[in-house]
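These are my notebook entries on what I looked up.

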Amino acid sequence: WCTAVAAAHHSHGNYTDTFIDLQGTVKEVHLLNPHSWVYMDVRNASGQMQTWAVEATNKIGLERIGVTADTVKPGDTVKVRCHPLRDGSRGCLLGFLKTKDGDVKDWDGNRLPIPADF
């Protein structure tokens with residue numbers, strides 16, 4: 001008899017291929033497996049505050065790049081570059097997150113170089 005281990009991961013097909021930049025105030029941070037989440041308040045073009053749910057890689061992947069529970073906390077102002085949901089709701093798949101002290105990391109776990117325009 002032979003056994004095999006299979007790893008499954010859902011598709012990110014519900015997100016667009018393009019990036020948007022958002023800046024706002026962190027409400028909640030959940031460093032979890034299989035995906036971490038940052039909830040942030042962002043002002044829209046009309047000046048209204050909206051809460052965005054931003055999906056990141058898993059806790060282990062974030063720890064590998066130096067992200068800890070102290071990296072981002074509620075009340076911090078952050079900037080994110082992310083792939084928005086195709087349906088137009090307020091959700092994004094994180095690429096990069098810039099902390100209040102200016103540190104930028106790839107929260108999607110791809111270890112991509114930091115974009116010069118971020």
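In which strand is the place of glycine 91? I found glycine 91 in strand S5; strands are DSSP runs of E with at least two residues, numbered from the N terminus. The model is predicted: local features need pLDDT of at least 70, side-chain atom pairs count only at pLDDT 80 or more, and totals for chains, interfaces and linings use all residues. Residues are numbered from 1 along each chain as its sequence is written, and side-chain values use heavy atoms, with hydrogens and water left out.

Leaving aside neighbours within four places in sequence, glycine 91 is in contact (heavy atoms within 4.5 Å) with Tyr15, Trp52, Ala53, His83, Pro84 and Leu85.

I then looked up aromatic pairs. Rings of Phe, Tyr and Trp (its six-membered ring) pair if their centres lie within 6.5 Å; planes under 30 degrees apart count as stacked, over 60 as edge-to-face and the rest as tilted. This rule gives two aromatic pairs. Tryptophan 37 and tyrosine 39 are stacked, because their ring centres are 6.3 Å apart and their planes at 20°. Tryptophan 37 is partly exposed at 25%, and tyrosine 39 is partly exposed at 26%.

Phenylalanine 96 and phenylalanine 118 form a tilted pair, 6.4 Å centre to centre with 45° between the planes. I noted that both phenylalanine 96 and phenylalanine 118 are buried.

Notes
Buried < 20%, exposed > 50% of the residue type's maximum accessible area, 1.4 Å probe, protein only. Helix = DSSP H or I, 4+ residues; strand = E, 2+ residues; numbered from the N terminus.
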